[in-house]
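Dear colleague,

I am passing on the structure below, and after it you will find my notes on what came out of looking through it. Please read them with the coordinates open beside you.

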There are 2 protein chains.
Amino acid sequence: MTRFTLTIEYDGTPFMGWQRQTHGPSVQQAIEEAITKTGSGETQVHAAGRTDAGVHALAMRAHFDLDTALTPFRLMGAINAHLRPAPIAIIDCQIMPDDWHARFSCIGRAYEYRIVNRRAPLTVERDRAWQVIQELDVEAMHNAAQLLVGLHDFTTFRSAHCQSDSPVKTLDRLDVRREGEHVIVEAAARSFLHHQVRSMVGSLAAVGTGRWSANDLKAALEAKDRTELAHNAPPEGLYFVRAKYED
Amino acid sequence: MTRFTLTIEYDGTPFMGWQRQTHGPSVQQAIEEAITKTGSGETQVHAAGRTDAGVHALAMRAHFDLDTALTPFRLMGAINAHLRPAPIAIIDCQIMPDDWHARFSCIGRAYEYRIVNRRAPLTVERDRAWQVIQELDVEAMHNAAQLLVGLHDFTTFRSAHCQSDSPVKTLDRLDVRREGEHVIVEAAARSFLHHQVRSMVGSLAAVGTGRWSANDLKAALEAKDRTELAHNAPPEGLYFVRAKYED
């Protein structure tokens, strides 16, 4: 058996999310079936993070074990061929030590959230970003975001279905910037709670429109109460962009 | 009657192109029908340029005449509402003088062509860019592109269906740059021949892969012969980005 790691890009729109589900297509199932079709048997694919339905990835990392004579490069080509026409692409494939684990060896995860701040409906970016009509004060959003950076109990920003042992996490970075009509939020941490990024972005948008002050955000964080939450930003604006490992 | 101008963004994927066709949906027809549904009668919409099937627009300009009591802002909202769920958005609407013409008053047009230069299939950018697998030498492409800038007979880069009176045009700008795995070509001119941008990009890609030298490109231009053409780049990478008018 050889342990392989994959770097994976996908459009999350047609999937129920990363994780295999009984009630609809998943990215995990599509990749596992494509690997099986390469002719070396069945395997299970483990990812650095589990994205929700509609959430995209530009560079998800994953691993699996397979007994194959194919080089990583050939294996990548074969998986990509069998993935068609699903909007999933293997952009890199390498051999790793047997104790390397895409999820447990991961020491940092980064997400990007894309907002289009305008009145007109989305066309070329439909299902690729969240349209916010009301004008966003990006400086206010970025300043408020800094209140969330650091070690906190993020219960307020945690889904009821979150399986994490603890709501206490260290948020390394939460930056908000404007590029024309686009507002980009970048988040980095060792790990995130379920729905944490979308919850934080929803709350920052409330700050951006003036519905919430920075103090409201601070109070919501300190309340450690999910019902204090402004709202979740929708999945289509969220991209898993990077998983970090020790060299 | 009031003359209105629209600035329009659209995803060209589901359309036969801008121009109304008997055999399938067009952007023009969708907008004309949406205007009719605002309740002020029928009208014809004239665009600054006619894009082909699959070609996108970030800021197409158009005009039409309508007898309506709606302000431009309300009219824009009504048209957008009636356009749903078509991937077309009116991003601006203004009143113009009766002699202003989206096509004939236009003194400059700009296109952007997006290439993704990598081996892996496209996912989030599917139908939004041209995937070129072989590595592109962007400096060679940009240098060769400068041979096309200026006043030339562009017969080589002209579709057999081109309706322009003359193949002689002045190309103001043709820039090629790399942003990571993306290669962006920007083209600007008073006007373009049918398929000119896609033909030029296809030829520049031949230079980028080394199949053509800059001299081959020069010889093709000077041959004034369509059969000298490398090939057309596909429509999904092309975006109409700007129409310029006198103030």
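In chain A of this predicted model, the residues A:Ala30, A:Ile31, A:Ala34, A:Ile35, A:Lys37 and A:Thr38 of α1(A) meet A:Leu75, A:Ala78, A:Ile79, A:His82 and A:Leu83 of α2(A). By class, this contact of α1(A) with α2(A) divides into eight nonpolar residues, two polar and one charged. The axes of the two helices, α1 (residues 27-40) of chain A and α2(A), come within 8 Å and cross at roughly 115°, and the crossing of α1(A) and α2(A) is right-handed.

Chain B has a contact between helices that can be described in the corresponding terms. Helix α1 (residues 27-40) of chain B and helix α2 (residues 72-83) of chain B pack with their axes 8 Å apart, at an angle of about 115°, and α1(B) passes α2(B) in a right-handed crossing. On the side of α1(B) the contact is made by B:Ala30, B:Ile31, B:Ala34, B:Ile35, B:Lys37 and B:Thr38, while α2(B) contributes B:Leu75, B:Ala78, B:Ile79, B:His82 and B:Leu83. Sorted by class, the contact of α1(B) with α2(B) has eight nonpolar, two polar and one charged residues.

I then went through α2(B) on its own. This helix has 12 residues and reaches 16 Å from its first C-alpha to its last, which is close to the 16 Å expected at 1.5 Å a residue. Its buried residues are B:Leu75, B:Met76, B:Ala78, B:Ile79 and B:Leu83; seen down the axis of α2(B), these buried residues fall within an arc of 165°, so they line one face of the helix. As background, an α-helix has 3.6 residues a turn, so residues three or four places apart point the same way. The buried residues of α2(B) pack against β1, α1 and β4 of chain B, whereas on the other side of the helix B:Phe73 and B:Ala81 are exposed.

A further helix with a buried side is α3 (residues 138-145) of chain A, whose buried residues are A:Met141, A:Ala144 and A:Ala145. What covers the buried residues of α3(A) includes β8 (168-179), α4 (196-209) and α5 (214-223) of chain A.

Turning to the contact between the chains, 17 residues of chain B are in contact with 17 residues of chain A. On the side of chain B that touches chain A, β1 (2-10) and β4 (88-96) of chain B each supply at least two residues, and the largest share, four residues, comes from β4(B). By class, that side of chain B has nine nonpolar, three polar and five charged residues.

Some backbone details deserve a look as well. Most residues other than glycine have a negative phi, and most peptide bonds are trans. In chain A, however, the peptide bond from A:Arg84 to A:Pro85 is cis, with omega near 0°, and A:Pro85 lies in the loop between α2 (72-83) and β4 (88-96) of chain A. In chain B, the peptide bond from B:Arg84 to B:Pro85 is cis, with omega near 0°, and B:Pro85 lies in the loop between α2 and β4 of chain B.

Phi of B:Asp127 is near 65°, and B:Asp127, in the loop between β5 and β6 of chain B, is partly exposed, with 16 other C-beta atoms within 10 Å. B:Lys224 has a positive phi of about 50°; this residue is placed in the loop between α5 (214-223) and β10 (238-245) of chain B, and B:Lys224 is partly exposed, with 15 other C-beta atoms within 10 Å.

Finally, B:Ala129 lies in the loop between β5 (106-117) and β6 (130-132) of chain B. B:Ala129 is buried, because 23 other C-beta atoms lie within 10 Å and 20 or more count as buried. Leaving aside neighbours within four places in sequence, B:Ala129 is in contact with B:Arg114, B:Ile115, B:Val116, B:Leu122, B:Glu236 and B:Gly237. B:Ala129 and B:Pro14 are 115 residues apart in sequence and 15 Å apart in space, C-alpha to C-alpha.

With best regards

Conventions
Residues are numbered from 1 along each chain as its sequence is written. Chains are lettered from A and ligands numbered from 1 in the order in which they are written. This is a predicted model: local features need pLDDT of at least 70, side-chain atom pairs count only at pLDDT 80 or more; totals for chains, interfaces and linings use all residues. Two residues are in contact if their C-beta atoms, placed from the backbone, lie within 7 Å. Ala, Val, Leu, Ile, Met, Phe, Trp, Tyr, Cys and Pro count as nonpolar, Asp, Glu, Lys and Arg as charged, and the others, Gly among them, as polar. Axes are lines fitted to C-alpha atoms, for helices over the stretch in contact, and angles run from 0 to 180 degrees between N-to-C directions. A crossing is left-handed if the near helix is turned anticlockwise from the far one by less than a right angle, and right-handed if clockwise. The expected span of a helix is 1.5 Å times one less than its number of residues. A residue is buried if 20 or more other C-beta atoms lie within 10 Å of its own, exposed if 12 or fewer, and partly exposed in between; C-beta atoms are placed from the backbone. The arc is that of the directions from the helix axis to the C-beta atoms.
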